[in-house]
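This briefing goes through the fold, the ligand surroundings and a few individual residues of the structure shown below. The points are grouped by topic.

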Amino acid sequence: MVSHSTNPLIRNYRWADYKQCEHLVEKVWRFNTIFPNPALRRIASLGYTKGSLEGSNISQVVEHNGKVVGFLFGKNDRKKLFKYYLLFKMSMLWRLFWFPGDKSERNALLTALKTHVTNRSAIVEKGGSEILLFVVDPEFQGRGLGQLLWHNFRDQCMSSGVDAIYVSTNTSEATGFYGRMGFVHKGDFSSPLHEIAQWPGRPCMYEFKC
Ligand SMILES: CC(C)(COP(=O)(O)OP(=O)(O)OC[C@H]1O[C@@H](n2cnc3c(N)ncnc32)[C@H](O)[C@@H]1OP(=O)(O)O)[C@@H](O)C(=O)NCCC(=O)NCCS
């Protein structure tokens, strides 16, 4: 667990945190390497970070010395979603439409995303309570911050009567963490998104029964 000297603070996400969250995502998932084309990287980064944020209704960060060192964006299906999600979708459509240069990379990414969503829906239907995006800065991993964020999300879901919480992850990523937190493996699926990213392991779904 985190020692008191590190003084971590868990709090609700604020608009001013966005750039730091996006930076963490790009760092941990190596977006620079995966998407050398800056226009495509911008779209992927926005879709991944902002898309998850706008689809969530519980968004919390852990701050250390004024810096965001981890966050969890999640959806509680017993609570209403904010309407900003529609605005986000429209702005993404706009960006996609005006994508500069060769559109084949953009099209490949969109097709991969569509297949990913379809394949994972065969294991867990969309719409339930879910961890959408969850990351702790590598320099702060292994100090109990992930557990702190997860417990906070889990407790908020449970107090509103949620039955189960899902997460989509990768067998080479955080499955050990989720197993440790009491999740069970629901199934693997194939995803061209993971092929584009060249992540090792298989995409999979985990479930936590409340
Ligand atoms: C997964 C992640 C959020 C965990 O955060 P963390 O702060 O490092 O985890 P904690 O320190 O709170 O670990 C809590 C417990 O889980 C265990 N644990 C953490 N990561 C683990 C792993 N990959 N495999 C097995 N156990 C793990 C810890 O040993 C600890 O166990 P303990 O209670 O016996 O001491 C973090 O490793 C991360 O950001 N990874 C990269 C991004 C990612 O994979 N995100 C999830 C995508 S769905």
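Strands E6 and E7 are paired antiparallel, with four bridges between them. The model is predicted. E6 and E7 belong to an open sheet of seven strands with mixed pairing, in the order E1-E2-E3-E4-E5-E7-E6.

**The sheet**

- The edges of the sheet are strand E1 (9-12) and strand E6 (184-188), each of which pairs on one side only.
- On average, neighbouring strands of the sheet are turned by 25° against each other, direction ignored.
- E5 and E7 run antiparallel and are joined by seven bridges.
- One of the residue pairs there is Ile165 with its bridge partner Phe208 in E7.
- E7 is largely enclosed by the rest of the structure, because five of its seven residues are buried.
- E4 and E5 pair in the parallel sense, over three bridges.
- Ile131 has Val167 in E5 as its bridge partner.

**Helices on the sheet**

- Helix H1 (residues 18-28) packs on the sheet, where it touches strand E3 (67-75) and E4.
- The direction of H1 makes about 90° with that of E3.
- H6 also packs on the sheet, and its contacts are with E1, strand E2 (58-64), E3, E4, E5 and strand E7 (203-209).
- The direction of H6 makes about 30° with that of E3.

**The pair H3 and H4**

- Helix H3 (residues 38-54) and helix H4 (residues 84-97) have axes that come within 10 Å and cross at roughly 170°.
- H3 is therefore roughly antiparallel to H4, as angles over 145 degrees count as such.
- On the H3 side the contact is made by Ile43, Leu46, Gly47, Lys50, Gly51 and Glu54.
- On the H4 side Tyr84, Tyr85, Phe88, Met92, Arg95 and Leu96 take part.
- By class, the residues of this contact are seven nonpolar, two polar and three charged.
- Gly51, found in helix H3, counts as buried because it has 20 C-beta neighbours inside 10 Å.
- Gly51 and Phe183 are 132 residues apart along the chain, and their C-alpha atoms are separated by 24 Å.

**Around the ligand**

- There are 18 residues around the ligand, and those that come nearest are Gln141, Gly146, Gln147, Ala174 and Gly176.
- At least two residues of the shell come from each of strand E4 (129-136), helix H6 (145-159), strand E5 (164-170) and helix H7 (175-180).
- The shell consists of eight nonpolar, seven polar and three charged residues.

- Most residues other than glycine have a negative phi.
- Arg30 is not a glycine, yet has a positive phi of about 50°.
- Arg30 lies in the loop that leads from H1 to helix H2 (31-34).
- Arg30 counts as exposed because it has 12 C-beta neighbours inside 10 Å.
- Gln198 likewise has a positive phi, near 55°.
- The loop between helix H8 (192-197) and E7 holds Gln198.
- Gln198 has 9 C-beta neighbours inside 10 Å, so this residue counts as exposed.

Key:
Residues numbered from 1 in each chain as written. Predicted model: local features only at pLDDT ≥ 70, side-chain atom pairs only at ≥ 80, totals over all residues. Axes fitted to C-alpha atoms, helices over the stretch in contact; angles between N-to-C directions. Parallel < 35°, antiparallel > 145°, perpendicular 65-115°, else oblique. Contact = placed C-beta atoms within 7 Å. Nonpolar A, V, L, I, M, F, W, Y, C, P; charged D, E, K, R; others polar. Near = placed C-beta within 6 Å. Pairing = 2+ DSSP bridges.
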